[in-house]
Structures are given as structure tokens and as C-alpha cells.
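Have a look at the structure first.

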Amino acid sequence: MEKIVAFLQEQKTQMVDVLKQLVEMESPSRDKELVDKLGKAIADLLAAYTGGRGEVIPNEGYGNHLRWEWGDGDEQILLLAHMDTVWPKGTLASMPFRIEGDRAYGPGTFDMKGGFVQGMFALHALTQLQVPLKKKIVLLVTSDEEIGSGTSRTYIEEEAKKSSCVLVLESAAGTEGAVKTSRKGVGLFQLKVRGVAAHAGIEPEKGVSAIGELAEQITYLHQLTDMDKGTTVNVGVIKGGSASNVIAAEAEAEVDLRVRTREEAERVVPLIKSLTAKRAGASIEVTGGINRPPLERTEQVGQMYSLAKSLAKTYLHFDLQEQESGGGSDGNFAAPYAPTLDGLGPVGDGAHAAHEHVKISQLPVRSALLALLIKELGA
């Protein structure tokens, strides 16, 4: 254990160098050419630092995905990472990679190129030190997490079904770097309301306002929020009508649902899907559903956290905290099939924000935590 920790402390400068290399290769989700260039660089790094067996998974719509494996055990541990970012091409001009004190700034440092770097160096330590493992290790690096994982979800679920556990390299939570033992499930819905148009001044009695109907539905939807249960319903986008002097014939809304458990999803989703018009002459169409299932804190997830907490205290001398996240990750897709521990990536701040950064001193520490965790889970 101590050898792993010491080895990774010696790799800190290299970790920063690799992080700089990856951050300076921009990878917006919808730019296949740029994402594939980054994917090629990641594959080359994995081969150089860890060996293993690599596979490029072709993807026509977005960047190709990568699958890498080590070992030959009957069981496997799955690591999840993604290479795409929310930042558009050209962001580096105004947000260059830079180091200020203990912080490395730049687009994708925190979400989640820093997580990939920590993961790769953890595997570098395990392979270089020839740590014996009875389980195969599989790393899946996807290209479209930031836009919903539409082309990668199937691969994530297939690998999770074959895995004894899943470790997600998304960034840690908060300034103390808590791991994420639960994530809320995410539901996305679209409402289309149809009413009857009429002149608002001459014959308003002949109209049925789609906007008025939508307003009543919004009031009902927001009342479904239950903070005690961790359930939130938010109508975040609305549009409708054609002019101020016309009773609106159409209106639309986009609805966000967050739930803590599958049981709660099964309760709330039908309430949204079964909306009916409150005004005579109006009609409602509801589409959408659960986009990401909840990552629930099961007993097995709790045991994984307890192991990680013990390793952090004994060998790395810090108190590892846990946290629930209201946001989703690819860990949500894995969670129904295997116990999943998320937030094993970098400590920092500013995901999707101009001050995005990671703490440099924590890169080898969190990489060591991951390596120790893999060693124990794979024994």
C-alpha cells in the first residue's frame, strides 16, 4: 500500500504535464474530429503508461469511444470516464491552461480530464508495481456524456452488467472532495398545450388560452416538489402565443424532474405523464420520461464507501466524506446493474464555469486512493 502511495507522489509533475496536454486538446461533445483526436492521444497515453488491451468503438454521430482492459479474471471492475467537455472550440484563447499556486485552470480540468489522468496513473502504478489482481479491470472512456450519453449508454450498461462494481472518475464534491454515494435520477419532459385562438379585444370569449392552461399546469407541477423526499420538479423553459392581442392557441414547456429513488420515480412520473387539461377546449400532450435512473446508496455502495474511507484514513491521512449529488453522470446508468461509487476524480471547483480548476497537490493523493481501492476490490 505504501509503495503505491509513494510511487504516485513521485508522478505529480508528470500528472500535471499529461493534464496540460489533454486540456490543450479541445473536445466539445459535438465536434467529432476534435474528440477523435483527443481519443487517439488518450489511447497512446494508455498504451505507453499502462499497457493493456485497447479497443476503439466506432461512433458515426459523435466521437469514438474507447474500451481498455487489464488482467484476465473471471470478474471485472469497471472504471468510467468521458473525454468530451461542454466548452466550444476556441475556448482556450480566453481560458488557457495555467497554474496559479496549487491550482491548475483550464476547460475540462475538473470535468473531467483530471479524473482520467488520476485513473490512468492509478493503473500505471498498479501495472508498474505488478500488483496482483484476481479481477479484470475495464476502463470505458466515452465521448458524449455532456450531452446525455445517447451513443454510449448501451456500452455502459453492457459493461456494468458484467462488473462486480463500478468506479466513476467524475470530479469529487465540494472543497473537501467528498465521493458521491448517491445521485438523483433525472427526468426530462416536454408539454405541448393547444387552445383556441381569438381576438383578445373583440371576442375573447371565443378563445381558450393555451398560456393560461399552461400556467395552471405549472402551478400543479411545482407543487409536486417534496424536499423531504428529495424530489424536485422545475418548469425551466416556456414559450407560446403569437401576439399580445391574440388569445394564445399554443404554448410549450420543458420540465426537469429529480428523484432520489426508483420507487419515487415510479410514483411521480405517472403524475406528469397523465396531465389533462383543466380548461374546456384545451388539450395537453406530454412526452419524455426518465433520462438517467437514480444512483441509490445501497448497502453495497455503503460498503464501498466505508472501504474507501478506511483506505484514505490509514494510508493517505485524510477523512473522506460522502455526499449526494442532484446532478447525473454515467454512474446513473451503471447503478441499476452493479454497485457504483462516484466522485473518485479530482478535487477542485468550477465545473462548466470560467474558474474551472483542480488542486494539483490532490492529484496524486486521489489517484492513490483509486489505486488502493482497485487493489482491495480486485483482490
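Predicted model: local features only at pLDDT ≥ 70, side-chain atom pairs only at ≥ 80, totals over all residues.

Let's start with glutamate 69, whose side chain makes a polar contact of 2.6 Å with that of arginine 53. A polar contact here is a pair of N or O atoms within 3.5 Å, where one must be able to donate a hydrogen and the other to accept it, and residues adjacent in sequence count only if both atoms are side-chain atoms.

| Side-chain pair | Polar contact |
|---|---|
| Glutamate 69 – arginine 53 | 2.6 Å |

Residues are numbered from 1 along each chain as its sequence is written, and side-chain values use heavy atoms, leaving out hydrogens and water.

Is glutamate 69 buried or exposed? It is buried, at 13% relative accessible area; buried means under 20%, exposed over 50% and partly exposed in between, with a 1.4 Å probe and protein chains only. Leaving aside residues up to four places away in sequence, glutamate 69 touches Gly52, Arg53, Lys136, Ile137 and Val138, a contact being heavy atoms within 4.5 Å.

Glutamate 69 sits in strand E2. Strands (E, at least two residues) and helices (H or I, at least four) are DSSP runs numbered from the N terminus. E2 (residues 65-70) pairs antiparallel with E6 (residues 136-142) over five bridges; pairing takes at least two DSSP bridges. In this pair, tryptophan 68 stands opposite leucine 139 of E6.

Zooming out, both strands belong to an open, mixed sheet of six strands ordered E1-E2-E6-E3-E7-E16. E1 (53-57) and E16 (340-341) are the edges, each with a single partner strand, so one side of each has no neighbour in the sheet.

Leucine 139 leads us to the core. Together with Leu167 and Leu341, Leu139 has the most contacts inside the largest nonpolar core, which has 68 residues. Such a core is a set of buried Ala, Val, Leu, Ile, Met, Phe, Trp, Tyr and Cys residues joined through side-chain atoms within 4.5 Å. A second, separate core of 22 residues includes Leu191 and Leu257.

As for the whole protein, there are ten helices and 18 strands, and buried residues make up 54% of the 379 residues.
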